[in-house]
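Biologist: I would like to go through the sheets of this model with you. Could we begin with how the strands are arranged?

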Amino acid sequence: MSKLDSKANMNKVAKANKWDAKSVEPLFIDESFPGGDYDVLVIGAGPGGYVAAIRAAQLGLKTACAESRETLGGTCLNVGCIPSKAMLHASEYFNAASNGTMAEMGIEVTPKLDLDKMHAQRRDAVEGLTKGVAFLFKKNKVDWKNGHATFQDAHTVKVGDETVTAKNIIIATGSSVTPLPGVEVDNDKQVVVDSTGALELNAVPKKMVVIGGGVIGLELGSVWCRLGAQVTVVEYLDKLLPGMDDDVRKEAAKIFKKQGMELRLSTKVTGCTVKGKKATLTLEPAAGGDEETLEADCVLVSIGRRPNTDGLGLENIGLETNQRGQIEIDHDFRTKVDGVWAIGDVVPGPMLAHKAEDEGIACAENVAGQTGIVNHDLIPGVVYTWPEFAGVGLTQEEAIEKMGGDKSKVKVGKFPMMANSRAKTNHEPDGFVKIVADAETDRVLGVWCIASVAGTMIAQAAQAMEFGATSEDIAYTCHAHPTHSEAIKEAAMAVQGKPIHI
């Protein structure tokens, strides 16, 4: 038996990931388990799970993946990231045609919405990608065990009617929609829906209320707003997009209001009644006050997600979840139960597909005896509205807090997209790039973007920061012209007070 990691190192990584390592004791490798049906069994075939399974198989480990859905890919491919982006992309075209952007460029059209066809192209994208994962399983010799998985012991899992044993088990069960007390979701009726139901609406609602001003609510609210719905966003906090830089959050409110959304900030929903095809919400100020009502044809509940651990049988292996329902891990993704690992939405950290994918690769490599690492300080986040919102690293507020509250230790450079030549010619004036840097070392601490292609632009920032770039490094890197990414270069120059085009 060999000790894996020092407590000090665990605490260092835990601090970076904002969770308490005390609940995860230093572990020891147990070589007593002789093997089993598989070297690795992955529970869950979402972005984290299927990637972990494929990587484990690539590394020569006999691998199986348990998944209860009839298709692979988890929430992301089936009812999350992929179908929502298909609807966002299609609705952007409709909006450009119906609200004048194309006319400004000399293209006169009168669009007609065929919602059934729009849904069909979404389903086609989902089918193609989920089948693609099934092909990759076959190519890499990963066995798919179709059924709900429940632990019998630390090396034995019941999948449907089958019992499977494995030396290592990776929990990658993802997350599901967080319910809102007093508001009952019924996707079949299409009056009060969650994110899954919002993708399947068979008609554009006249009035739609989105409960929650986070990523999912704003993305799906944008889809139906573009297609003709009158959308009201009700958010408990005083700003949209919690977790993003404050300047981004303030600008988001201006942009969505300009697009026709009504924002009810600092407001909480206390109840909902449904009569026929209408819903009536009761609202009151977050700080308390007089109650009022709000009627809608469709209500989207989008207040967050929670880890999927129910029915997993964690109690059978002595594994408890934390106060947030998450499974605690060390920096190698081991739980406190030998041979059991966990990744993705069920562990602490942002619930993002790309974070889960990176963890899946790293975890599989650790299982195989290699060194798999994920830098959790540099997980980019993107909101795929129009324009897109993206960020990586620290917000300005977080950077100042990290510097002991001393604002003078943080430098900021900002450049508006309206001064970017490509955005100007594309009729995309909204947004900016903001770079937050250490005033003493010039090292970039965070990058925040609002632009039509912010989700793509942020990759440059993440890679630069991964290599410890300074704002000067970015400023003196040649950027192609004319591109949106030149705004990153200009923002970097602005950190030193020397932007060119403003």
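Modeller: β8 pairs with strand β15 (residues 298-301) in the parallel sense over 2 bridges. Strands pair if DSSP finds at least two bridges between them; strands (E, at least two residues) and helices (H or I, at least four) are DSSP runs, numbered from the N terminus. This is a predicted model, in which local features need pLDDT of at least 70, side-chain atom pairs count only at pLDDT 80 or more, and totals for chains, interfaces and linings use all residues. Residues are numbered from 1 along each chain as its sequence is written, and side-chain values use heavy atoms, with hydrogens and water left out.

Biologist: Which residue in β15 is the bridge partner of V192?

Modeller: V299 is the partner of V192.

Biologist: In what order do the strands of that open sheet run?

Modeller: The order is β8-β15-β9-β10-β11, with parallel pairing. β8 (192-193) and β11 (262-264) are at the edges with a single partner strand each, so one side of each has no neighbour in the sheet.

Biologist: Which helix lies across β9, β10 and β15?

Modeller: That is α8 (residues 215-226), which runs at about 165° to β10. Axes are lines fitted to C-alpha atoms, for helices over the stretch in contact (heavy atoms within 4.5 Å), and angles run from 0 to 180 degrees between N-to-C directions.

Biologist: Turning to the antiparallel sheet, what is its strand order?

Modeller: Its 5 strands form an open sheet ordered β18-β19-β22-β21-β20. β18 (381-383) and β20 (410-416) are the edge strands, each pairing on one side only.

Biologist: How many bridges join β20 to β21?

Modeller: There are 7, and β21 covers residues 432-438. Within this pair, K414 has K434 as its bridge partner.
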